[in-house]
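Welcome, and please open your viewer. We will take a short walk, one selection at a time.

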Amino acid sequence: MLKINDIDVYYGNIQALRGLSIEVNEGEIVTLIGANGAGKSTLLKTISGLLKPKKGSIEYLGSSIDGKPAQTIVKCGISHVPEGRRVFSNMTVEENLELGAYLRKDRDGIKKDMEHVYELFPRLLERRKQLSGTLSGGEQQMLAMGRALMSKPKLIILDEPSMGLAPLMVKNIFNIIEMINKEGVTVLLVEQNANMALSVAHRAYVLETGSIVLSGTAKELQESEEVKAAYLGGL
Ligand SMILES: Nc1ncnc2c1ncn2[C@@H]1O[C@H](COP(=O)(O)OP(=O)(O)OP(=O)(O)O)[C@@H](O)[C@H]1O
Ligand SMILES: [Mg+2]
């Protein structure tokens, strides 16, 4: 579904991704784990068209998407849930969800999808008239995911959804990621919480200083001594 081939990405003179290649197959949950500054967010921003690779290619469903504007990429079915949620604080929950459907014209479909988001996240339904800035961190994460679903994505890319959340909420968020995937949405998940990410993923990549250093099935990486020592708290 998504094929990233040998990309280099820079911020000015600073190189953030080096010859990075990954693949995501339709129906999978693929996770990318890596420490602070490894380049995880940079990769997601490059996929969603916020950054352009200097070298290499990004193919999505057989067409090249690198260098395309972000709105075109959303229209193609890729939706980005950014690090730190980035909800529109002074708008209500419902208004944030409506904005997620900004590029769509099918009113009936939008209404149905909004109802579905409220089924997935009953907490958002209870708070639909509340200003988003007053939601808890976990609720804002739910809203950011709901907003992304409102564009009817085929591929959802999630940047550290568990960041700053209490263990119970983390579990809740990961359960919902699995539910969304079972409903047919392919997932690319970036996480520092390697334990949780590997427990839901089918396959995984490890990113260090802008390059992939390890890849395999989630199970293989869970059992890898290297991964255990560096990312699973040495357990
Ligand atoms: N806007 C920017 N300008 C210059 N350098 C940047 C910019 N954004 C990120 N970088 C650099 O690019 C590298 C990768 O950053 P990135 O945000 O992709 O890491 P990350 O893996 O998402 O880290 P974290 O886990 O802390 O979110 C880092 O060295 C960072 O300092
Ligand atoms: Mg990041």
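Two strands pair if DSSP finds at least two bridges between them. Keep that in mind as you look around; note too that this is a predicted model.

**Stop one: a pair of strands.** Select residues 155–159, which form strand β7, together with residues 186–191, which form strand β8. The two pair in the parallel sense, over 5 bridges.

Now widen the selection to the open sheet of 6 strands, whose order is β6-β7-β8-β3-β9-β10, with mixed pairing. At its edges are β6 (78–81) and β10 (211–217), each pairing on one side only. Going from one strand to the next, the twist averages 15°.

**Stop four: Asp8.** Select Asp8, in strand β1 (residues 2–11). Is Asp8 buried or exposed? Its relative accessible area is 12%, and the cut-off for buried is under 20%, so Asp8 counts as buried.

Next, show what surrounds Asp8. Leaving aside residues up to four places away in sequence, Asp8 touches Gln15, Leu17, Arg18, Gly19, Pro53, Lys54 and Lys55. Zoom in on Gln15: its side chain makes a polar contact with the side chain of Asp8 (3.5 Å). Finally, pick the C-alpha atoms of Asp8 and Lys52: they are 44 residues apart along the chain, yet separated by 9.0 Å.

How values were computed
Residues numbered from 1 in each chain as written. Chains lettered and ligands numbered in written order. Predicted model: local features only at pLDDT ≥ 70, side-chain atom pairs only at ≥ 80, totals over all residues. Heavy atoms only, no water. Helix = DSSP H or I, 4+ residues; strand = E, 2+ residues; numbered from the N terminus. Axes fitted to C-alpha atoms, helices over the stretch in contact; angles between N-to-C directions. Buried < 20%, exposed > 50% of the residue type's maximum accessible area, 1.4 Å probe, protein only. Contact = heavy atoms within 4.5 Å. Polar contact = N/O pair within 3.5 Å; in protein donor to acceptor, adjacent residues only side chain to side chain.
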